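Hello,

Here is the structure I promised to pass on to you. Have a look at it first, and then read on for my notes on its side chains.

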Amino acid sequence: MPRFTLQSLAVGVATASLSLSANAATEISWWHAMGGQLGEILEEITEDFNESQDEYRINPSYRGNYSETMTGAIAAFRANEQPHILQVFEVGTGTMMSAEGAIYPVHELMEEHGRPFDREAFLPAVVGYYTDTNGNMLSFPFNSSTPIMYYNREVFEEAGLDPDQPPETWQEMETAAEQILESDAAECGFTTSWPSWVMLENFSAMHNLPLGTKENGFGGLDTELNFNNETVARHWDNLKTWEDDNIFRWGGPGAGDDAEPLFYSGECAVFFGSSSSRADVMANAEFDVGYGMQLYYDDVEGAPQNSIIGGATLWALQGHSDEEYAAVAAFFEYLSQPEVQADWHQRTGYLPITQAAWDLSEEQGYYEENPGSDISLKQMTLNEPTENSKGLRFGNFVQIRDRISEELEAVLSGDKDGQEAVDDAVRRGNDLLRDFESSNQ
């Protein structure tokens with residue numbers, strides 16, 4: 001594996017170990033980033049595959065959050081102990097695509113081991129995010145999500161709001177939150193996880209605003225960030241005003257790990273988070289939960305546009321035997337089955353990554369029986385994606401997200417105004433893009 005590949009993949013160094021079971025002829029290690037309820041469901045699906053045949057055994061191993069899992073893989077490569085399968089979140093795609101010596105492209109893996117793999121079977125929004133310039137899929141889509149709005153219907157009722165008519169715009173959110181606070185129905189209006197993903201990346205997509213040049217990075221490594229526009233600056237300034245008034249509460253940087261508990265406890269009436277948070281919300285919220293789309297400013301032309309996907313894909317890593325890769329291909333084929341995908345979608349809130357899984361869920365009456373469960377699909381397909389709303393592909397974006405969160409925190413602490421912060425976020429992010437470009441030429 002070339003030295004530059006390790007550098008471009010690295011988000012730090014952590015100690016990693018390889019743990020294998022001896023219960024099957026061919027053992028496969030799968031490092032993933034799903035804890036809690038999602039991790040339990042993942043384990044169940046994996047065990048279903050293991051019990052469906054006796055040639056292979058997949059051994060899933062939780063390695064921390066997405067960044068930590070990716071970091072652990074770097075340490076494992078250096079020790080020649082890399083897993084067979086690595087789950088990487090969507091913003092790591094650009095970095096992984098540049099790591100040609102580290103990955104076994106999924107379209108080659110499936111073809112060379114005689115397993116069917118039809119890219120046309122996957123939803124267009126998923127296919128477009130994970131293909132190279134020749135239209136080849138490099139990783140296996142597994143858990144695709146998009147951020148949605150969760151709200152406490154009981155709090156809305158107590159505040160005199162219609163729980164069947166949640167806010168659709170940021171202006172309506174402000175008004176609703178003020179009414180909630182005045183009625184003492186909750187201590188804060190809303191919170192958010194993944195602040196960069198929700199309050200910048202998807203915020204920009206919903207308003208048809210660019211994050212960067214060259215189609216948000218899809219067009220080449222010489223892309224530049226340019227999201228420092230008036231609309232984003234205004235929104236960050238509003239977040240500061242709303243925080244001062246208890247309308248908004250900061251859930252923390254990175255993944256915003258404090259945000260979900262603020263919602264579960266009833267402290268905040270609204271939570272913006274991944275559609276995949278549905279599994280945890282259903283398991284932890286002791287109140288009636290409502291679901292809505294991402295909000296937008298109705299004075300911005302073209303809004304609402306559509307949201308973009310998050311989540312992760314599965315990458316096959318180099319350094320293993322043909323027999324082991326045959327097992328990986330068999331597992332990927334199993335995960336592609338409509339029944340498996342529909343079950344995963346329905347139990348977690350992740351998007352059904354294939355049209356067949358979507359159709360099966362509809363035939364089974366899932367959306368009719370579970371109002372709001374199709375919000376993510378409606379939001380993703382609200383309009384035909386534009387160059388600004390089909391996704392993003394920037395190198396070093398894991399680190400860039402950290403810079404974005406730092407600048408947003410500077411606004412919330414009163415150290416900067418919105419325009420200063422987005423200008424600095426763009427400048428600092430572009431420095432990282434140039435580092436990535438120079439190391440991958």
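A definition first: buried means under 20% relative accessible area, exposed means over 50%, and partly exposed is in between, with a 1.4 Å probe and protein chains only. Please keep in mind that this is a predicted model, where local features need pLDDT of at least 70, side-chain atom pairs count only at pLDDT 80 or more, and totals for chains, interfaces and linings use all residues. Residues are numbered from 1 along each chain as its sequence is written, and side-chain values use heavy atoms, with hydrogens and water left out. Helices (H or I, at least four residues) and strands (E, at least two) are DSSP runs, numbered from the N terminus.

Let me begin with R234. With a relative accessible area of 21%, R234 is partly exposed. Its side chain meets that of E230 in a salt bridge, at 3.7 Å from N to O; the term stands for a side-chain nitrogen of Lys or Arg within 4 Å of a carboxyl oxygen of Asp or Glu. E230 and R234 are four residues apart in helix α11 (residues 230–244), a separation of about one helical turn. E230 counts as exposed, at 51% relative accessibility. R234 also lies over the face of Y297, 4.4 Å from the ring centre. For such a contact, NZ of Lys or CZ of Arg has to be within 6 Å of the ring centre and within 35 degrees of the ring normal. The charged end of R278 sits in this way over the ring of Y291, at 4.5 Å from its centre.

Now to the other salt bridges, of which the whole structure has 23. R249 forms one with E187 (4.0 Å, N to O). E187 lies in the loop between α8 (170–182) and β7 (188–192) and R249 in strand β8 (residues 248–249), so this pair ties together parts 62 residues apart in sequence. R249 also meets E267 in a salt bridge, at 2.3 Å from N to O. E187 is exposed at 53% relative accessible area, while E267 is partly exposed at 23%. Elsewhere, E406, E407, K416, D424, R427 and R428 are linked in a network of salt bridges.

On to the aromatic residues. Rings of Phe, Tyr and Trp (its six-membered ring) pair if their centres lie within 6.5 Å; planes under 30 degrees apart count as stacked, over 60 as edge-to-face and the rest as tilted. The count comes to 29 aromatic pairs. Y66 and F89 are a stacked pair, 5.2 Å centre to centre with 25 degrees between the planes. Y66 is in helix α3 (residues 66–78) and F89 in strand β3 (residues 85–89), so the pair ties together parts 23 residues apart in sequence. Y66 is buried at 12%, and F89 is buried at 4%. The ring centres of W170 and Y297 are 6.5 Å apart and their planes are at 35 degrees, so this pair is tilted. W170 is buried at 3%, as is Y297 at 2%.

W170 brings me to the core. A nonpolar core is a set of buried Ala, Val, Leu, Ile, Met, Phe, Trp, Tyr and Cys residues joined through side-chain atoms within 4.5 Å. The largest has 122 residues, and W170, F190, F272, F332 and L335 have the most contacts inside it. Helix α14 (residues 322–336) gives the most to this core, with nine residues.
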